[in-house]
Amino acid sequence: MPHIGCPNKCSFCNQNVITGKNEIPHKKDVEDACETALKHLSRNDAFAEIAFFGGSFTAIDRDYMVELLDAAQPYIKGERISGIRISTRPDAINDEILTLLKEKGVTSIELGAQSMDDEVLKANMRGHTSQDVVISSKLIKKYKFSLGLQMMTGLYKSTPNKDIETAQKLSMLKPDTMRIYPTAILKNTYLASLYEKKVYTPYSFDDSIELCAELLQFFESRHIKVIRLGLHDSESLKNDYIEGVYHPSFRELCLSRLFYKAVVKLSEDLEDKREVEFHINPKDISPFIGNKKENILKMKEIGVIPKIVQDNSVPQYEIMALYNESERGKMSPCF
């Protein structure tokens, strides 16, 4: 739903590019999307939702919003789809809207907070304040919706410290889920003009990985699930990307950084660093090794020659270093 319901255009926004859509959906589009999804949805999938993203769902024309929600009703009353997820602005939430959403089967509401620094919000033309995020989040939880929050790193006028403070303030609102989007500069945006005038400089790619890895660890260690880290991959995004942070596997790069830090921490306690046997959950092999074997090369630089053993007994996102053949070694979690 590209840019529908938004009262203004934020500095970074080009929803047609981000969503890959140019036309607004209607009843039949919702029905067609659901029918297509159900054909590919596995019977083993325990949880699936219909999601409306891209604009400010609760700020669109009320009759149009009800049309879309009504189109979804037959599908959420079955056994394979559990509810409806929407995204909206923090200043487009109130009791009347939440009552309607509850009646129409909405189960999850995500707020595009982006920053909890009012100077940053104003500079990026968000049109709401940090207090709006607080008020709406508390109201959403009062009505017992699942609360999701979205934040961006590296916005105009922001700093890594401000981004970390935003994460801390958002965690205090106790969201169920988080999305973290490093800023990417897209064509036909205000941010692009600031970049061209050299008024705005985005974070470097490596600095963004370091920061977002820290944020991933911060939220997950507090049992707040990060369900997205980085923009979705699309051809339109690749064509309109100018500068900033974009990578189709950005989350894995951040997770890989956390694995390397866990290895360093474990290695400090090992007497013989030369050869170390690391037991890894099979699902974690790729991020443990790193992009283009980056982690393996970095380990060798600090004197560690890793022997990797796939071990289903090791929990995901943890590493076990073997001290000797008869003794299971020390565990180190990423989160």
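## Helix packing, ring pairs and backbone in a predicted model

Helices α11 and α13 are roughly parallel to each other, a term that applies to angles under 35 degrees. The model is a predicted one, in which local features need pLDDT of at least 70 and side-chain atom pairs count only at pLDDT 80 or more, whereas totals for chains, interfaces and linings use all residues. Residues are numbered from 1 along each chain as its sequence is written, and side-chain values use heavy atoms, with hydrogens and water left out.

**Helix pairs.** The axes of α11 (residues 250–267) and α13 (residues 294–301) cross at roughly 25° and come within 10 Å of each other; these axes are lines fitted to C-alpha atoms over the stretch in contact, with angles from 0 to 180 degrees between N-to-C directions. On the α11 side the contact (heavy atoms within 4.5 Å) is made by Ser256, Arg257, Phe259, Tyr260 and Val263, while α13 contributes Asn295, Lys298 and Met299. Helix α3 (residues 62–76) and helix α4 (residues 95–103) also cross at roughly 25°, and their axes come within 11 Å, which makes α3 roughly parallel to α4. In this second pair, Arg62, Met65, Val66 and Leu69 of α3 meet Glu96, Ile97, Leu100 and Leu101 of α4.

| Pair | Centre to centre | Angle between planes | Geometry |
|---|---|---|---|
| Phe259 and Phe288 | 6.1 Å | 80° | edge-to-face |
| Phe278 and Phe288 | 5.7 Å | 55° | tilted |

Because Phe259 lies in helix α11 and Phe288 in helix α12 (residues 285–289), their pair ties together parts that are 29 residues apart in sequence.

**Single residues.** Ser208, which is placed in helix α9, counts as buried because its relative accessibility is 2%. When its neighbours within four places in sequence are left aside, Ser208 is in contact with Tyr203, Val245 and Phe250.

Backbone angles single out two further residues. Most residues other than glycine have a negative phi. Gln114, although not a glycine, has a positive phi of about 70°, and His223, also a residue other than glycine, has a positive phi near 60°. Gln114 is found in strand β3 (residues 106–114) and is buried, with a relative accessible area of 7%. His223 sits in the loop between α9 (205–221) and β7 (225–229), and at 75% relative accessibility His223 counts as exposed.

Notes
Helix = DSSP H or I, 4+ residues; strand = E, 2+ residues; numbered from the N terminus. Buried < 20%, exposed > 50% of the residue type's maximum accessible area, 1.4 Å probe, protein only. Parallel < 35°, antiparallel > 145°, perpendicular 65-115°, else oblique. Phe/Tyr/Trp six-rings, centres within 6.5 Å; stacked < 30°, edge-to-face > 60°.
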